[in-house]
Amino acid sequence: MKNLGRFGLAAVLLLACAAYEQQGGVKAAGGPSEAVNGPFRVLAPIESGNLLLFPVVRANSKSPGATPFITLDEGIKNGEVEVTEAGRVQGLVRHRGTTPPSNDGPVFHDDRYRSFPEFPEERRRGDQVNTLVLVNHSSKPLLLLAGEIVTGGKQDRVIAKDRIVPSGADPIYLGVFCIEPGRWTESSSTFGAAAKAPSHGFMVQPTVRERAMVAKDQQQVWDSVHGVISQMEIAAAPSASTSIGSGVAYDMAPPRSFGTTSYAKVMQNSAVSEKVDEAAAPVMKSREQVIAQLRQEHAVGVVVAVRGEIVWADLFADTDLLSRYWTKLVRSYAAESLSAGDTHAAPSVADAQHFLDAPTGGAETSEGEVGIFRYRELKTSGTESFVLESLLPGTGYDVHICKLKLKHAERHAVKPYPIMYR
């Protein structure tokens, strides 16, 4: 690799790789040091096993400034964000003015909370697999990302799509998918974060996240969860050598069974967590140093390759948001790298840059809430992009951009959303 001294972030990441190369075979990937073709610039990557990460900065170095958002984990931890089953919504209603309460659900004071037709009147009564209720008590708007997990209630769920929940809003109906098909009994009346400690934070890995975001189908989400659990059972199996025939030793440890259908419980399993941490070692062992360099270089995102194939990109409005999601994102990518699959030649920085810069023409759908957010889905041949734009006062910028390569051979038709903006 050449000219790496020009980039502090690339340098520290490579130093981290070098430190861990002696311990686990982690090495820096080859390729040019940078490429500038669009609004984002890709830096030199780091590699750990099957995982390759390309940090991304803004090409023009411009930033919208400090963003005002609170994250889901932050809100749940400090008690300012509550999530519960739909049947318990009455206790979360925040009454304003003289509008009388309803016995069937929350009090709606304007049409903002009627803008999501997937939550008809009959779903406002009783608990629903694909509906939760959330209230934001914080003084800050809440940022939710597709793929974030909430555990508890009658099933663990994953957020279905990005959105912003303004501060002081009435309870909203939150679209989710179940990631625990084997349970429909209450473990708690409310939901909590998936991880007990920030260092073990995670969201669903790209395989599951794609099914929620692209297919938008509960059965496909369940199928992807089942597949991931099977892969993790293999990945977490202890090594065992057995002599066969001529005395050649083979690793033949049988897969372990976790005895659960919960994605969250599997990821919290000590053996799986250890494997994930190992795969993410170069950027997690020296997290604070890496985050400091991310801030210094004004990095806003990352392009992800697994087994040599570029599969994903997450980009944020600023470095602060990236750093707050860093652990959850990196551990989700690391989990993906543990799954079996074909191995390809390592992509270059130019390949990662091309992935970001490739046009996103084709079908576009949009939804949102007036004056709060717009969420767009842009589909092209082989990729889809999801863009969350904040419309809150003083914002007017893209908060999160997710671009993914469709991993399935079939191309799924985009389900229509209401176009609320002209």
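In α4, the buried residues are Gln218, Val221, Ser224, Val225, Val228, Ile229, Met232, Glu233 and Ala235. The model is a predicted one, and the points below are grouped by topic.

**Helix α4**

- The buried residues of α4 pack against β12 (172-178) and against the helices α3, α5 (263-268), α6 (270-279) and α9 (319-337).
- An α-helix has 3.6 residues a turn, so residues three or four places apart point the same way.
- With its 18 residues, α4 reaches 25 Å from its first C-alpha to its last, which is close to the 26 Å expected at 1.5 Å a residue.
- The N-terminal end of α4 is capped by Asp217, which has a side-chain oxygen 3.1 Å from the backbone nitrogen of Gln219.

- Lys216 is found in the loop between α3 (206-215) and α4 (218-235), and its phi is near 55 degrees, a positive value in a residue other than glycine.
- Lys216 counts as buried because its relative accessibility is 13%, where the cut-off for buried is under 20%.

**Arg307, in the loop between β16 and β17**

- Arg307 lies in the loop between β16 (299-306) and β17 (309-316), and its phi, near 50 degrees, is a positive value in a residue other than glycine.
- With a relative accessible area of 13%, Arg307 is buried.

Note on methods. Residues are numbered from 1 along each chain as its sequence is written. This is a predicted model: local features need pLDDT of at least 70, side-chain atom pairs count only at pLDDT 80 or more; totals for chains, interfaces and linings use all residues. Side-chain values use heavy atoms; hydrogens and water are left out. Helices (H or I, at least four residues) and strands (E, at least two) are DSSP runs, numbered from the N terminus. Buried means under 20% relative accessible area, exposed over 50%, partly exposed in between (1.4 Å probe, protein chains only). The expected span of a helix is 1.5 Å times one less than its number of residues. Contact means heavy atoms within 4.5 Å. A polar contact is a pair of N or O atoms within 3.5 Å; within protein, one must be able to donate a hydrogen and the other to accept it, and residues adjacent in sequence count only if both atoms are side-chain atoms.
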